[in-house]
Amino acid sequence: MAILNVSLRGTAASTSSSSLPSWPHLSNSVPFSLSKKPVIAKFPNTTILSPPKLRLQASFGKKTRASLSATMATGGQEVLPPALTSTSDPPTLFDGKTRLYISYQCPYAQRAWIARNCKGLEENIQLVPIDLQDRPAWYKEKVYPPNKVPSLEHNNEVKGESLDLIRYIDSHFEGPSLFPDDPAKREFAEELLSYTDSFNKSVFTSFKEDRTEAAGAAFDYIETALSKFEDGPFFLGTFSLVDIAYAPFLERFQPFSLEVKKYDITAGRPKLAAWFEEMNKNLAYKKTRRDPKELVESYKRRFLAQK
């Protein structure tokens, strides 16, 4: 009997669906001999790597299993469309597609954008970026009369308000749950989500008035909140909507405080420092991040120009 030994090493294009495409770039030298007898092929355990962090372990004759890293629910880098301006035509509204209207610069819109990515919905929810400095008239007239972002066009309706939208996206679409089942964690989550506006207001006030102590108290609250659960580095231990609600603002507060106010918000706050470290590993979130220099310049114009 001739034995054909094959070992495979290749890459599989990453995908957000459960069905996997063909695997390109397979190359190998295969020593074998042929005879009139039946040929039996034996496949040793093979690891096929597909970035980001998708690992398949396959063996001939056994069921293939796939696991997706918790840090990334979707495939590769998304090609982002340009922002629409006052001269841009509107999309075909209410045609059955689901659209998320955002601004790339807006932290409130970023919340909904992160939730969409973490659920793995890049192919299900189309991004429609709006230029807030030159926003098209049709957005207010035909899409969302409050004329703010984010808003979500879904099932022939348009909904708004960022905290409401991240809950809606989590509960109305498939993907990993972003809200805990544990009653104690759910209760604490509601408390933290209710505090977001107060937190942001305290930090904004400190930036306007050069009152570092006001910001310090707000960041101390965050440090204490991050210390409540010990089963992970996030607000509820595991990653949740609460992290999504705070991330866009902490992403902006940290570099501005450090560069302009010479105040390191993570100094003496190890839980907050660990939270930043873990958030920066979340690829679904990282796809929404802006250049820190761009964020600092934006806040300089906002807060320093007023003096």
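**Close-up views of a predicted model**

**View 1. The largest nonpolar core.** Of its 71 residues, Phe 199, Phe 219, Phe 235, Tyr 246, Phe 253 and Trp 275 touch the most other members. Such a core is a set of buried Ala, Val, Leu, Ile, Met, Phe, Trp, Tyr and Cys residues joined through side-chain atoms within 4.5 Å. Helix α6 (residues 241–259) gives the largest share, 10 residues. Domain 1 (99–172) and domain 2 (183–305) each supply at least three residues; the bounds come from an automatic or database domain assignment.

This is a predicted model: local features need pLDDT of at least 70, side-chain atom pairs count only at pLDDT 80 or more, and totals for chains, interfaces and linings use all residues. Residues are numbered from 1 along each chain as its sequence is written, and side-chain values use heavy atoms, without hydrogens and water.

**View 2. Tyr 246 and its contacts.** Tyr 246 touches Leu 192, Tyr 195, Thr 196, Phe 199, Ile 222 and Phe 235, leaving aside residues up to four places away in sequence. Contact means heavy atoms within 4.5 Å.

**View 3. Helices α1 and α6.** The axes of α1 (residues 107–118) and α6 come within 8 Å and cross at roughly 130 degrees. Contacting residues include Tyr 108 and Ile 114 of α1, and Ile 244 and Phe 249 of α6.

**View 4. Val 128 in strand β7.** Val 128 sits in β7 (residues 125–129). Val 128 counts as buried because its relative accessibility is 4%; buried means under 20% relative accessible area (1.4 Å probe, protein chains only). Val 128 and Arg 99 are 29 residues apart in sequence but 6.5 Å apart in space, C-alpha to C-alpha.

Notes. Buried < 20%, exposed > 50% of the residue type's maximum accessible area, 1.4 Å probe, protein only. Helix = DSSP H or I, 4+ residues; strand = E, 2+ residues; numbered from the N terminus. Axes fitted to C-alpha atoms, helices over the stretch in contact; angles between N-to-C directions.
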